[in-house]
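This note collects points for a reader who is meeting the structure for the first time. Please keep the sequence and the model in view while reading.

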Amino acid sequence: MDITKIHTWLTTQVANTLNINFDEVDAGIPFERYGLESADIVAIMADLEDWLGCEIDDPTLMYEYPTIAELSEHLAENYAV
């Protein structure tokens, strides 16, 4: 899976969670600025594991890689199968 697919998936999840249009999500803006709550992040990470088909060892990845762009790159390099 390439970075573009991961980027698109994450953007879609953030947009759906916040009930905003896909085009309103900027990959360079930190997740916290969108007002995502801890429960939202946990849900996105659980769905991400299902979507990628693998377990993510670190549940704090959205804090360590705080933007869609950073998280997409990290996932493509380390988790995408």
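1. Just after α1, Asn-19 adopts a positive phi of about 55°. Helices here are DSSP runs of H or I with at least four residues, strands are runs of E with at least two, and both are numbered from the N terminus. The model is a predicted one, in which local features need pLDDT of at least 70 and side-chain atom pairs count only at pLDDT 80 or more, while totals for chains, interfaces and linings use all residues. Residues are numbered from 1 along each chain as its sequence is written, and side-chain values use heavy atoms, with hydrogens and water left out.

2. The chain contains four helices and zero strands, in the order α-α-α-α along the sequence. The C-alpha trace spans about 30 × 25 × 20 Å along its principal axes.

3. At the start of α1, a side-chain oxygen of Asp-2 comes to within 3.1 Å of the backbone nitrogen of Thr-4. The 16 residues of α1 should span 22 Å at 1.5 Å a residue, and the end C-alpha atoms are 22 Å apart, which agrees; the expected span is 1.5 Å times one less than the number of residues.

4. Which residues of α1 are buried? They are Ile-6, Trp-9, Leu-10, Thr-11, Gln-13, Val-14 and Ala-15. Buried means under 20% relative accessible area, exposed over 50%, and partly exposed in between, with a 1.4 Å probe and protein chains only. The cover over these residues of α1 includes α2 and α4. Of the 81 residues of the chain, 35% count as buried.

5. The largest nonpolar core has 23 residues, and those with the most contacts inside it are Leu-10, Leu-36, Ile-56, Met-62 and Leu-75. Such a core is a set of buried Ala, Val, Leu, Ile, Met, Phe, Trp, Tyr and Cys residues joined through side-chain atoms within 4.5 Å. Two or more residues come from each of α1 (3-18), α2 (38-52), α3 (61-64) and α4 (68-78). In soluble globular proteins, nonpolar side chains tend to be buried together.

6. Not counting residues up to four places away in sequence, Leu-36 touches Val-14, Thr-17, Leu-18, Phe-31, Ile-41, Ile-44 and Met-62. Contact means heavy atoms within 4.5 Å.

7. His-74 lies in helix α4 and counts as buried because its relative accessibility is 12%. Leaving aside neighbours within four places in sequence, His-74 is in contact with Leu-61, Tyr-65 and Tyr-79.

Methods
Polar contact = N/O pair within 3.5 Å; in protein donor to acceptor, adjacent residues only side chain to side chain.
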